[in-house]
Amino acid sequence: MTEAVWTIRSNVFPKTFERLLGRNELGFYWDSRFNGTADTLQTAIIENLNPTDRDLFNVDNISKAWSALKRQFPLLGSRVEVQKGEQISFVVAEDRLEHSGPGEITFQSVTSFTEAQTCIDDVINGERLLSDNLLARVVILPRTDQINHVHVLIHVAHLITDGMGNSSLLCSFLDVLSSLPNGRQWDLEQRLSLAVPSDLLASGNMKKGARVKWHRAIGQVISALRFSKINGGHTLPRNFTNLTQYTPAHSGIITFSFLPEISACIIQNCRNHGITLGNALPVLAQVALTRVLCRRYIRGDMSMEEWNFRRREPTVTGGPLNLRPYLDREWYKKGGSTNVSLAIGFFHYTLPFMPLGSAANIALGEDLPSFQQLLSPSRFLYRSRIIQKQAKHHFDHPLFSYVSGARSTTSVAKFREVGLSWREKQHDLSAVAVPVMDQNLVLAHGGSSMGDMDGILPRYYPLEARGSSAQIFLHASGVRLHCRPAELYLGASTIQKRLHLFIYWDKNVYEEDVVKEWLEEVRGAAEVFLGGAAPSKVQARL
């Protein structure tokens with residue numbers, strides 16, 4: 001196999017297909033070898049709306065729904081095989097889609113919401129339960145204190161899914177489960193045709209011609225050149241050592257939800273100012289970081305050397321972006337828009353030095369500057385438009401999908417080296433703290449804005465149900481992530497008219513109190529700069 005497309009390994013039952021991993025998938029594969037780094041956990045709290053149907057969430061129904069889901073999204077039932085010459089392939093066999101193997105479906109009763117959250121944390125931070133032979137599994141946690149409620153945990157390796165894939169996966173699972181015994185029949189080869197690497201779907205062209213290969217190569221070069229121009233940076237105070245990159249993260253999460261009226265105001269103000277929340281979020285995070293650092297400096301917890309270093313450094317952010325709308329149009333229309341597979345690219349944005357405004361000469365013992373002293377409303381908009389301009393430059397490039405989806409051979413080789421050697425490195429080396437000034441390229445944080453999720457994850461199931469005919473109600477959903485070492489990820493989404501902020505972080509590196517402090521400052525910045533009475537469009541242009 002020279003291209004990452006499906007070929008038939010066996011044409012007799014169980015019919016078996018294989019293909020090479022794409023470059024992006026390969027990077028996440030080596031991540032997974034690093035104690036499950038980047039593994040995802042889609043969570044949900046659901047309610048049986050028909051209390052007389054005690055069998056809705058039983059083992060038999062869950063098994064049928066999970067098998068139906070694997071036929072719809074066959075990568076869920078695939079395994080990874082390392083072949084001669086270290087070629088790494090997905091292998092899909094029909095029988096694995098029809099039946100569940102060991103560890104694929106787990107039931108565990110819980111007595112409360114708190115106990116369910118403990119189980120979720122154990123899945124993310126405990127011994128890894130996924131493997132090359134088990135890329136996806138489902139955990140059902142029936143609540144004994146609320147007899148009609150269960151927690152659903154869908155645990156998936158990142159090399160076969162992304163944010164959109166996880167949402168589609170949960171939506172499809174609830175739709176299938178609530179529709180039993182009815183169900184749709186899927187053609188395996190047709191579904192596999194959607195499960196191809198995004199490398200082959202770039203710029204709406206799945207052909208193998210020389211021009212496409214040339215575009216891929218150019219995309220790799222442009223991506224590498226852009227990344228090489230990113231220098232410096234700093235982030236929250238943290239415990240960073242020479243072993244951090246070889247130490248699996250202990251993943252944490254914290255969230256905040258704005259009231260509906262404040263949420264509406266923030267979103268409307270973004271619209272009136274001609275920016276998106278995604279444009280504003282890095283600036284809100286930067287001024288929040290500045291307040292956290294100012295607080296430490298004025299109370300004497302930070303040296304003048306470190307302060308002077310940080311105040312001059314740029315703020316570098318990065319994160320994932322959904323490539324699906326920019327890929328092959330036929331693939332997208334046939335189901336690629338919601339397929340469970342990996343179709344993301346990556347971005348990096350840079351903001352200039354810390355915004356200190358009138359507090360530029362702040363000294364030890366002085367009062368903490370207000371948000372407006374650090375950054376005026378006009379400068380806030382100016383910095384938001386810096387991000388907007390960088391985003392436009394990124395998205396408007398004629399080879400955008402090739403550049404954004406590029407993972408250089410060097411990057412994959414680095415992930416491989418960490419994935420294979422992390423245990424030995426921890427055993428052979430002693431941890432030595434790395435000073436802030438010597439940490440080289442530092443992302444202030446990763447993150448992205450997911451937008452309005454209500455259209456992606458409806459509340460009632462089956463999807464065509466209306467009123468009393470619904471079987472399942474989705475109370476809440478979320479995603480947990482097995483962080484990378486030193487990861488700090490700030491995300492946002494709108495659910496049921498409320499804007500939610502969430503932070504994933506590595507507890508080995510960042511102290512929880514510091515992360516909470518930063519999130520509170522992000523919240524405050526959002527309310528100060530975007531939470532006031534929404535100006536008219538005329539005022540916004542002045």
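1. Ala-492 in strand 15 is the bridge partner of Ser-449. The two strands concerned, strand 12 (residues 445–452) and strand 15 (residues 488–495), run parallel to each other and are joined over 5 bridges. The model is predicted, and the points below should be read with that in mind.

2. Tyr-382 is a residue of helix 13. Its relative accessible area is 44%, so Tyr-382 counts as partly exposed. Tyr-382 and Val-283 are 99 residues apart along the chain, and their C-alpha atoms are separated by 9.7 Å.

3. His-500 belongs to strand 16 (residues 498–506). Is His-500 buried or exposed? It counts as buried, because its relative accessibility is 18% and the cut-off for buried is under 20%. The side chain of His-500 makes a polar contact with the side chain of Ser-257, at 2.5 Å. Leaving aside residues up to four places away in sequence, His-500 touches Phe-256, Ser-257, Gly-491, Ala-492, Ser-493 and Ile-495. Ala-492, one of the residues touched by His-500, is the bridge partner of Ser-449 named in the opening point.

4. Asp-162 sits in the loop between strand 8 (149–156) and helix 5 (163–179). With a relative accessible area of 2%, Asp-162 is buried. Which side chain makes a polar contact with the side chain of Asp-162? It is that of Arg-324, at 2.8 Å. The side chain of Asp-162 also reaches the backbone nitrogen of Gly-165, at 2.8 Å. Residues touched by Asp-162, not counting those up to four places away in sequence, are Arg-324, Ser-341, Leu-342, Ala-343 and Ile-344.

5. A search of the whole structure gives 12 aromatic pairs. One of them is Tyr-297 with Trp-307: the ring centres are 4.7 Å apart and the planes stand at 5°, so this pair is stacked. Tyr-297 lies in helix 9 (residues 277–298) and Trp-307 in helix 10 (residues 304–312), 10 residues apart. Both residues are buried, Tyr-297 at 8% relative accessibility and Trp-307 with a relative accessible area of 1%.

6. Phe-502 and Tyr-504 form a tilted pair, because their ring centres are 5.5 Å apart and their planes stand at 50°. Phe-502 and Tyr-504 are buried.

7. Phe-371, Phe-380 and Phe-529 make up one aromatic cluster. Arg-291 lies over the face of Phe-371, a member of that cluster, at 4.4 Å from the ring centre. Another arginine, Arg-484, lies over the face of Phe-415, at 5.5 Å from the ring centre.

Technical notes:
Residues are numbered from 1 along each chain as its sequence is written. This is a predicted model: local features need pLDDT of at least 70, side-chain atom pairs count only at pLDDT 80 or more; totals for chains, interfaces and linings use all residues. Side-chain values use heavy atoms; hydrogens and water are left out. Rings of Phe, Tyr and Trp (its six-membered ring) pair if their centres lie within 6.5 Å; planes under 30 degrees apart count as stacked, over 60 as edge-to-face and the rest as tilted. Helices (H or I, at least four residues) and strands (E, at least two) are DSSP runs, numbered from the N terminus. Buried means under 20% relative accessible area, exposed over 50%, partly exposed in between (1.4 Å probe, protein chains only). A charge sits over a ring if NZ of Lys or CZ of Arg is within 6 Å of the ring centre and within 35 degrees of the ring normal. A polar contact is a pair of N or O atoms within 3.5 Å; within protein, one must be able to donate a hydrogen and the other to accept it, and residues adjacent in sequence count only if both atoms are side-chain atoms. Contact means heavy atoms within 4.5 Å. Two strands pair if DSSP finds at least two bridges between them.
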